[in-house]
Amino acid sequence: MSGLRTEEFLVNMGPHHPATHGVCRLLLTMDGERVLHIEPYIGYLHRSIEKICENRTYAQCIPILDRFEYITAMSCNYTFALAVEKLAGIVPPERAEYLRVIMLELNRISSHLLWYGSIALDLGAITPFLYGFRERELIMDLFEMTCGQRLTFNYIRVGGVSRDIPAEFVPKCREAIATITEKMSDYEGLLNENPIWMARLKGVGVLTSEMAIAYGVSGPSLRGSGVKYDLRKNDPYSIYDRFDFDIPTGQNGDSYDRYIVRLKEIKQSLKIITQALDGLPAGDFKAKVPGVFKPAAGEVYSRIENSRGELGVYVLSDGTTKPVRVKTRGGSYNQLQVLPEIGKGLLIADIVAIMASLDIIMPEVDR
Amino acid sequence: MILGSFELIGIFQWLQKLLESLGLPPVWQTVVAYLLLGVMMFALMSVVALFLVWWERKISAHIQQRFGPMRHGWHGWYQTIMDAIKLLQKEDIRVITRDKPVFFWAPVVCFVAAFLAYVCIPFGNGLIVADLNIGVLYIIAVTTFTIISLLMAGWGSNNKYALLGGIRSAAQVVSYEIPMVVSILVAVMFSGSLSMVEIVRSQEGHGIFNWLIFRPPFGLIAFVTYIIAATAEANRTPFDIPEAEQELVAGYNVEYSGMKFAMFFLAEFLNMFTVSAIATALFFGGGNGPFLPSWIWFLGKTMTIILLLMVIRWTMPRLRVDQLMAFAWKFLVPVTFANLIVAGWMKYAQWYW
C-alpha cells in the first residue's frame, strides 16, 4: 500500500449545504474523511445594511437592522435604539424598559430553541428539530400578538416600544413559560445523557479560554470555555441589574459545554421573564420623541448580550435626520474565524458539529 | 447446483397445478409458473416498500407530534403511491461527467439485490419462493450486493460528496457484515441447517418458548447484536453515515433523480424489511405461533421489528464515521464471537431446553 499515490482533494461545503446555516462556503482541504484545512468564504448574504442605513432616517434604520440578524431581530432593534437614545439623551419610560427586557429574553429563548433544533438536526437527530420549533411557535405567537410580525419585528423604537402589549399577553406569556419549562426536561432527557450525543460533542472543537478571548468570541461560546463574561452583568444595560439570574459557564470549552450552556441559558431567560412580568409597571410605553428627530452630533457605541454573543451598533451622527455612519458587530463573525483554527485535523462530521455548536448564522456575518 | 436444490413448495406447486389444468406442456408450466411467481413477488415487494414508506412517515410524524400525510385517502394511505408516480414522471437528470454504464447500473444492482433476497424468505408455512438448502448463506450473499451498488453510485456520479458516501458505505457495510453473519451463525448452529424453512421448523413447539430469542443468554445477545448490525446494514440512523444529509448532503445518491432515485429509496426500505424478516425467521420462530395463520404471525413479528428500527431512527443522533468503525470492530465483533463460542459450547453440552 505504501506505493499507492494519494492526494488531498478540495470539497466545497456550501454555499448551498444543509449544515452551513445560510450561505457560508467552506473550502475544505480533505485527506479522505479528515479535514486538513478550512477556509471560509463569506459575503453570499451581503445586503449592505450598514450603507443603506446611511440613507435612511433614524426611524427608518430600525426595520433595515431587523434584517441584520433576523433570528433575534428584537436585539438588533434594541441595540440601535439604545445607541440613538444615548446620543439624544432620551430616557425611555419604566414600562417600556420592562417590555423591552421581556421581548429581548423571549427572543433569546426563541433563538436558542431554533439552535437546539438545528444542532440536533446537524448531528442526525431529526425529532428534536421539530420539538424546538414547536415551543418556538409559542413565542412567535406572542410576538405576533404584540407587533403583528413573527420574524422582523420593528417593535423596539427610539424612546420606547411601538405599541403596548395586548391584555391577553401576560397570561399567554406565563402559559408559554410554563410549557417551555416543562418541555425543557424533554430536551434534556432526549439528548443530554445520550451516549451517541456525548460521543459526538465531548472533546470536539475545544476552544480554550485564551483562544476565545484572542479571537473576540463572545456570548455562550465564550462562556462555554469557562469565561464568566456576560454583558447583562458586566456592563448592564436597560434594567438588567434589577433581575436575579445566573450566568452558566462550562469548563472544557468543547462543543458539549457550549450545548449545555445554551440550554441552561434558556432557563435563566425564563427566570428573567417571570420576574419582569411580576414587576411590570403601568404607564407610558414610549417617551416623547419629536417627529423630525435630530440627535446631537457625536458618536456612540452600544452593545448588548445577544444569543450569539456581543451585538454592537456604532452610530456616527452629524446632527441631521440621518446617521453618517452605522457599523454593526455580530458575534457570529468572530466565531466563524475560530472555526478553521479549532476544526483543523478533525473529521468532516466534526466540522458540522462545531459549526452548529458555535451557532454561526450567516446574516450576522455578511450583513 | 442451486437450481437443482430448489424445493418447490406452496404457491409454486399450486401455480403449476393450475397451469397443468390449462393444458400447457410441462416445460412451459415451470417457466410460466416461475414468471408468475416473480411478478407476484415483485408486486408484493412494491406494496411492502410503499407501505413502509408511508408507515415511516406516519410514525416519524407521530413521534414529532405531527400528522404526516393526511390528504390522500384515509390518513394519506396512497400518498406514497402518488409520490412514486411523481418520481416516475420526473426528468431523469444525468450529470455530463458521469461514468455512463456505472451510473446507469448502480440503482439497478441496488434494486435487484434487494429483490433477490426475497426468494428465500419464509412468509409462512409453505409461503416461500424457493427453499434453498443454503438459504441463509444465499440471503447474506445477495444482500451484500448492495455495497457494490452504493460504491458504483458513488463512483459513477463523479461527485466528491457521492464518492465519500460510497466509500463510507462500503467501509460500513463490510465491517458490520461480520457481526451480522456471526450472529446469524448462532441460529444456524442451533437448528443445524442453513435452510430458512428448517431454521423456522426447529423453533416449533413449547408455545413460544422454543424461539431462539428465548434461549438465554446467547439467543437474546445474538438477536441484539444482529439487530444493531442490521441497522447499520440497512443504513439507518444511528448508522446512516453513508447518506448523512448534514455532512454529505445526500451521500451516494446525490446526483440521482427521478426513478433512479426512487429505486435507491425503495431498495432501502426493502432492505429494512429483509433484515427484519430474517430476524423474525431466525430469532422469533418465523411463522410459528398459536391460533392465527402463520403468515399473519410472520408479518406481525416483522412489522414489530421494523417499528423498533423506526423508533430508533427517529430518536437517535448519528454516530461519527470513526466511532462507527470502532464500535463494530472493538465491541460488536468480539461480543458476537464470544457469544458464538458460548452458544456452541452450550449446544455441545446440551445445556438448554
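Predicted model: local features only at pLDDT ≥ 70, side-chain atom pairs only at ≥ 80, totals over all residues.

Author: In chain A, among the contacts with a separation of 6 or more, 69% are made by residues 24 or more positions apart.

Reader: Which helices and strands does chain A have, by number, and why can chain A be called as compact as a globular protein of its length?

Author: Chain A has 14 helices and eight strands. Its radius of gyration is 21 Å, close to the 21 Å that the globule rule gives for 367 residues, and therefore chain A is as compact as a globular protein of that length. The C-alpha trace of chain A spans about 80 × 45 × 35 Å along its principal axes, and buried residues make up 51% of the 367 residues, where buried means that 20 or more other C-beta atoms lie within 10 Å of the residue's own.

Reader: How should I read a sheet, and what is the order of the strands in the open sheet of three strands?

Author: Strands of a sheet pair through backbone hydrogen bonds, in either a parallel or an antiparallel sense. Here the order is 6-7-8 in chain A, and the pairing is antiparallel. Strand 6 (298-306) and strand 8 (323-329) of chain A are the edge strands, each pairing on one side only, while the twist from one strand to the next averages 15 degrees.

Reader: How many bridges join strand 7 and strand 8 of chain A, and which residue stands opposite A:Val315?

Author: Strand 7 (residues 309-317) of chain A pairs with strand 8 of chain A over six bridges, in the antiparallel sense. Opposite A:Val315 stands A:Val326, which belongs to strand 8 of chain A.

Key. Residues numbered from 1 in each chain as written. Chains lettered and ligands numbered in written order. Helix = DSSP H or I, 4+ residues; strand = E, 2+ residues; numbered from the N terminus. Rg over C-alpha atoms; globule rule 2.2 N^0.38 Å. Buried ≥ 20, exposed ≤ 12 C-beta atoms within 10 Å, placed from the backbone. Contact = placed C-beta atoms within 7 Å. Pairing = 2+ DSSP bridges. Axes fitted to C-alpha atoms, helices over the stretch in contact; angles between N-to-C directions.
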